[in-house]
Amino acid sequence: MAEVLVLVDHVDGKVRKTTSELLTIARRLGEPSAVFVGSGFDAAKETLARFGAEKIYRVESPEVLEHLVVPQAELLAQLVADKAPAAVLVPSSPEGKEIAARLAIKTESGLITDAVDVQAADGGVTTTQSVFAGSYTVSATVTKGTPIVAVKPNSATPEEAAGAAADEVLDFAPSEAAKGAKVTESKPKQATGRPELTEAAIVVSGGRGTAGDFSKVEDFADSLGAAVGASRAAVDAGWYPHTSQVGQTGKQVSPQLYVACGISGAIQHRAGMQTSKTIVAVNKDNEAPIFELVDFGVVGDLFTVLPQATDAIKAAKD
Ligand code: FAD
């Protein structure tokens with residue numbers, strides 16, 4: 001069975017959920033081989049094995065990450081040439097998409113980004129994308145070279161499957177051309193204790209209806225172990241950081257559950273959340289457009305509804 005390369009997304013060996021999703025998808029297409037770059041391999045190995053990686057190619061040279069993403073594209077191109085994989089899967093993050101695009105050029109292959117589903121078909125792969133702010137679903141297939149697919153977070157439920165995880169240290173050094181930019185400083189974000197927005201299973205977002213007070217949104221999110229998002233109106237008003245903006249010009253999320261609180265449901269907001277599996281809205285206007293989209297809607301004041309919901313969830317946990 002042909003290998004399927006999965007670029008591992010991790011922080012010092014702590015493997016992100018997107019990678020277990022990609023390994024789960026890779027098993028539909030062939031034999032998953034993880035590609036691990038950076039430090040913390042020992043911590044990562046167990047997770048990669050648990051989600052079915054049969055092989056792990058790893059590069060220890062710190063040089064690879066010192067020069068942003070270009071060396072990673074070179075590394076994957078080398079692996080594509082050596083291993084002739086059935087497909088290459090990367091996370092559909094800004095970095096993942098840049099790596100995928102560079103890899104597609106280097107290997108003269110077709111590339112599909114922002115896939116929300118990937119399946120095996122006729123010896124290749126077929127993907128599903130949600131386009132035009134989610135108003136169309138597009139199926140596509142790669143017809144040239146090695147299929148390279150950037151997959152959005154939460155596109156699959158991670159399923160465990162013991163893999164051999166035989167690791168092989170690769171002899172790889174980036175070319176001079178790949179060293180054109182260098183990281184000069186890297187600082188961790190201030191930790192909120194909440195999951196990262198694009199990979200959270202539950203996202204609770206606040207909009208202009210919060211009137212700048214996100215405390216009820218945050219309390220409710222914390223009761224669910226959710227990430228907190230915001231509409232552009234809330235971000236533009238300076239109530240929440242831009243890194244939390246959901247929508248066309250913000251982040252695209254696709255969680256199991258999305259709760260929109262005091263958000264009207266403008267098309268540009270929908271573009272970032274309407275592929276969520278279940279959508280709930282709390283809005284005091286029963287004619288708000290968001291209610292056209294929801295699975296469950298609550299017509300009411302968020303300052304009344306959210307504390308009640310938070311109390312009920314806490315009580316149910318006790
Ligand atoms: P509003 O539209 O003002 O809605 C507030 C809602 O809160 C109303 O429905 C109201 O009934 C409700 N409400 C008020 N008080 C309460 C209360 N106490 N309890 C319950 N409900 C209450 N927007 C994004 O979100 N993300 C983007 O990425 C984005 N990109 C854009 C790109 C472009 C090029 C443009 C032109 C616009 C973009 N926008 C984006 C802006 C978008 O068009 C909307 O203006 C924005 O989404 C509105 O935010 P909102 O729903 O919070 O505010």
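## Salt bridges within helices

Arg 50 and Glu 46 form a salt bridge, with their closest N and O atoms 2.9 Å apart. This is a predicted model, and here both partners sit in helix α2 (residues 41–50), 4 residues apart, or about one turn of the helix. Arg 50 counts as partly exposed, at 29% relative accessibility, and Glu 46 is also partly exposed, with a relative accessible area of 47%.

Asp 236 counts as exposed because its relative accessibility is 56%, while Arg 232, at 46%, counts as partly exposed.

## A bridge across the chain

Glu 196 forms a salt bridge with Lys 251, the closest N and O atoms being 3.9 Å apart. This pair links distant parts of the chain, 55 residues apart: Glu 196 is in the loop between β11 (166–169) and β12 (202–206), and Lys 251 is in the loop between α7 (232–236) and β14 (257–261). Glu 196 is partly exposed at 23% relative accessibility, as is Lys 251 at 24%.

In total, the structure holds 20 salt bridges.

## Where α6 meets α9

Now for a pair of helices: α6 (residues 215–224) and α9 (residues 302–317) pack with their axes 9 Å apart, at an angle of about 20°. That angle makes α6 roughly parallel to α9, and their crossing is left-handed. Residues making the contact include Phe 220 and Leu 224 of α6, and Leu 306 and Ile 313 of α9. By class, the contact has 8 nonpolar, 2 polar and 4 charged residues.

Technical notes:
Residues are numbered from 1 along each chain as its sequence is written. This is a predicted model: local features need pLDDT of at least 70, side-chain atom pairs count only at pLDDT 80 or more; totals for chains, interfaces and linings use all residues. Side-chain values use heavy atoms; hydrogens and water are left out. Axes are lines fitted to C-alpha atoms, for helices over the stretch in contact, and angles run from 0 to 180 degrees between N-to-C directions. Helices (H or I, at least four residues) and strands (E, at least two) are DSSP runs, numbered from the N terminus. Angles under 35 degrees count as roughly parallel, over 145 as roughly antiparallel, 65 to 115 as roughly perpendicular and the rest as oblique. A crossing is left-handed if the near helix is turned anticlockwise from the far one by less than a right angle, and right-handed if clockwise. Contact means heavy atoms within 4.5 Å. Ala, Val, Leu, Ile, Met, Phe, Trp, Tyr, Cys and Pro count as nonpolar, Asp, Glu, Lys and Arg as charged, and the others, Gly among them, as polar. A salt bridge is a side-chain nitrogen of Lys or Arg within 4 Å of a carboxyl oxygen of Asp or Glu. Buried means under 20% relative accessible area, exposed over 50%, partly exposed in between (1.4 Å probe, protein chains only).
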